[in-house]
Structures are given as C-alpha cells and as structure tokens.
Amino acid sequence: MIDTILEVDRIRKKYVIEKSFLGREKIVLDAVNDISFSIKKGECFALVGESGCGKSTTARTILKLIDADGGKVIFEDKTLFDVENKKSISNKEMCRLRKDMQIIFQDPFASLDKRMKVGQIIAEGIKKHRLIHGKDAFNIAEEYLRICGMDKEAINRYPHEFSGGQRQRIGIARALAVQPKFVVADEPVASLDVSIQAQIINLLNELKTRYLLTFLFISHDLGVVKYFCDRIAVMYLGNIVELAEKKDLFDNPMHPYTKMLLESMPVSHPKLRKQRLSIKESEMTLKDRENGCKFCNRCLYAYERCKNEIPVFKEIEGDHFIACHLYD
Ligand code: SF4
C-alpha cells in the first residue's frame, strides 16, 4: 500500500423509501452496493454513470459526510471507518483530516454562502485548517483566487456578483487553499456551459500537476473524464460494472453499459442523451435488480442467465475489471 492514498473496500449504503402514504410499504434501495477500488497518490480516478447510479453517494460515504451501512475506507494509514469491525475515526480526528480531504461541489450557486464575501469564504478554511489568521489568511485567499484565474478584487465581493464559471473557480480556490492531498470533484462542471466546462477542466488539470493532487472525479459524462482522468470506473445502479485505465476503456470497452455510454457521447444535447439512455429504465422490476444483472432490461446481449444470476466483478485482463456473464 506504499503509493495508495485511498482504499475503499466493499462499501455499502442503503436508503429506505416509504412507498405508501402511511409509510407501511417500504422499498430498500441499494444506492451503493459492495463497491471496492483504490486510488494511487497523484492519480485521477473517475466514477462515471447516469444520475442516480450512486456515484455521489459513494463519494460522500468515503468522506464520512454520510454513514456507511457496510465496508471499510482507509485514507493513507488511517481507517476512517470499518463497519463490520465497528471501528470509526473520532469526529475530532476526522475534522483534522478534512484539511487533507476536500470536496468541490457540483452546484457553484448553492455551495457558497451568499451572506459572506468571497475573501471570508476562502479564509474561513485557511484559518481553521492552516491556523493562519488575520490579514495573512486573506493574502493567501487572494493568492489562490489569482491561481484560479480570478482578480484579487473578487475578495471583497459577494458570490451572487459572479457567473457560474467564476463561482466554480471560487469553489476550487476554497478547496485548494487549505492544501489538501485528496480532492473529490463532484460533477464540478455539470451545471456550466460547454465553453466554461473546458476552462474549468483545463484549470483543474493545471492545478493537479502543480500541486500533485489526487482526485476522485465524479461525472455523468465520459467526454469530460476523457480529458482529465487516469482510470475510470463505470457505475450502474449502485455497482461498478467496469473499471480500467482510461485508454483501455475508450479503446476496448467491454461492458454493454459502457458501450452504450460511449455511443451516447456524440449526442450533444443533454436532454436527448438522457432520453436515449433511460429508454428501458421504467421496465425494470425490483426482482430483476435483486436476482440478476441490474442492466438486464436494457442490455442488447442479455440472455436467460442474466435474469437469474448476479454477475461477479472480476479481472478479465491486466487491470481491466468487469461484471458481465459474457466474459465468464
Ligand atoms: Fe448484459 Fe447479461 Fe452482461 Fe448484464 S450480464 S451486461 S444483462 S450480458
């Protein structure tokens, strides 16, 4: 585990949804179901899949923003939680670790406090985690704003005075100003215009190299992760169905769902893409999800076994993992 910064071992998260008005009927949804992967220092690891597949829940569980129902996460040499062995890092220690584990949120409009000036927003983390106070904290905030492509005057303005792309730059400056080792970028460009998306991805690329950062990058768009990530895990309804080096995944996609995602890439309008991918989702029954491959109802290659047997996630060839009966 010398060059591994994060190890995720069979984490699980369930949500119970009340179906009837009085809450008598309940559905248990496996938002994250036995997910395992590790991330090397300096690597950018992507979790990709349609919205609702569990990628953000995975990230939030790893960061202990929500509690896991099972599994274990180790960051560097610290066990953040190990549900089966009833171990969990103390709140005080987790608070200290938040300096090293930062998150950039999807929505730059909601993630910044409207009542605070930009300088205060960024300096808050610097004061708390780097124990630097007064003017020095604001000087550092100004420096990170500059690095993220903003004028230093931004420090005295409020978030609502900026565009979506500029607010995301402020969010990035806030995350990086505490000098983290590991950053979760949760759909950081999903709510931005396409031209602004490219600028933010370029900025993240520069910062990754400059500060030797490790990223867990979450996206519904394979086109975005193509330019940023080293390895990609494709998620479908709570499970990783394929995991490979970026080049391997794009040159040689194996799982039918990954192929479908790649085929959807040329469709430029997000609404059209969503329609195409969701075409058979409503036909899926809970029984299908429990007993067989969750992708069964949408898969062009499905056969009888797929309905009755859950495919095992396994290595097919060097560092290329897949969960599909076609490769048994
Ligand atoms: Fe398709 Fe069957 Fe493979 Fe699932 S296991 S992806 S249904 S072929």
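How do the residues of the lining of the largest pocket divide into nonpolar, polar and charged? The lining comprises 19 nonpolar, 8 polar and 6 charged residues, where Ala, Val, Leu, Ile, Met, Phe, Trp, Tyr, Cys and Pro count as nonpolar, Asp, Glu, Lys and Arg as charged, and the others, Gly among them, as polar. The structure is a predicted model, in which local features need pLDDT of at least 70 and side-chain atom pairs count only at pLDDT 80 or more, while totals for chains, interfaces and linings use all residues. Residues are numbered from 1 along each chain as its sequence is written, and side-chain values use heavy atoms, with hydrogens and water left out.

Pockets and cavities were located on a 1 Å grid over the protein atoms alone: a cavity is a set of points where a 1.4 Å probe fits but cannot get out, a pocket is an open set with protein on both sides within 12 Å along at least five of seven lines, and lining residues have an atom within 4 Å of a point. Grid points are joined across faces, edges and corners, and a volume is the space filled by probe spheres set on the points.

The volume of the largest pocket is about 830 Å³. It is lined by 33 residues, of which N33, L237, G238, N239 and K294 are the closest to its centre. At least two lining residues are supplied by each of β1 (4–18), β2 (26–40), β11 (239–245) and α11 (286–291); helices (H or I, at least four residues) and strands (E, at least two) are DSSP runs, numbered from the N terminus. Strand β2 provides the largest share of this lining, 9 residues.

Strand β2 also contains D34, a residue with a positive phi of about 60° although it is not a glycine. D34 is partly exposed, at a relative accessible area of 32%; buried means under 20% relative accessible area, exposed over 50%, and partly exposed in between (1.4 Å probe, protein chains only). A positive phi of about 60° is likewise found at K64, which is not a glycine. K64 is located in the loop between α1 (55–62) and β4 (70–75).

In the whole structure, 2 cavities of 30 Å³ or more are found. The largest cavity holds about 100 Å³ of space. Among its 15 lining residues, C293, C299, C306, C324 and H325 are the closest to the centre. This lining consists of 13 nonpolar and 2 polar residues, with no charged residues. The ligand takes up the space of the largest cavity, on the criterion that more than half of its atoms lie within 2 Å of the grid points. Around the ligand are H255, P256, C293, F295, C296, C299, Y301, A302, C306, C324, H325 and L326, each with a heavy atom within 4 Å of it. The shell around the ligand has 10 nonpolar, 2 polar and no charged residues.

Beyond its neighbours within four places in sequence, T214 is in contact (heavy atoms within 4.5 Å) with I5, I39, K40, K41, G42, E43, K181, F182 and V183. Residues up to four places away in sequence being set aside, A137 touches A123, I126, K127 and I132. Between A137 and G125, which are 12 residues apart in sequence, the C-alpha to C-alpha distance is 9.1 Å.
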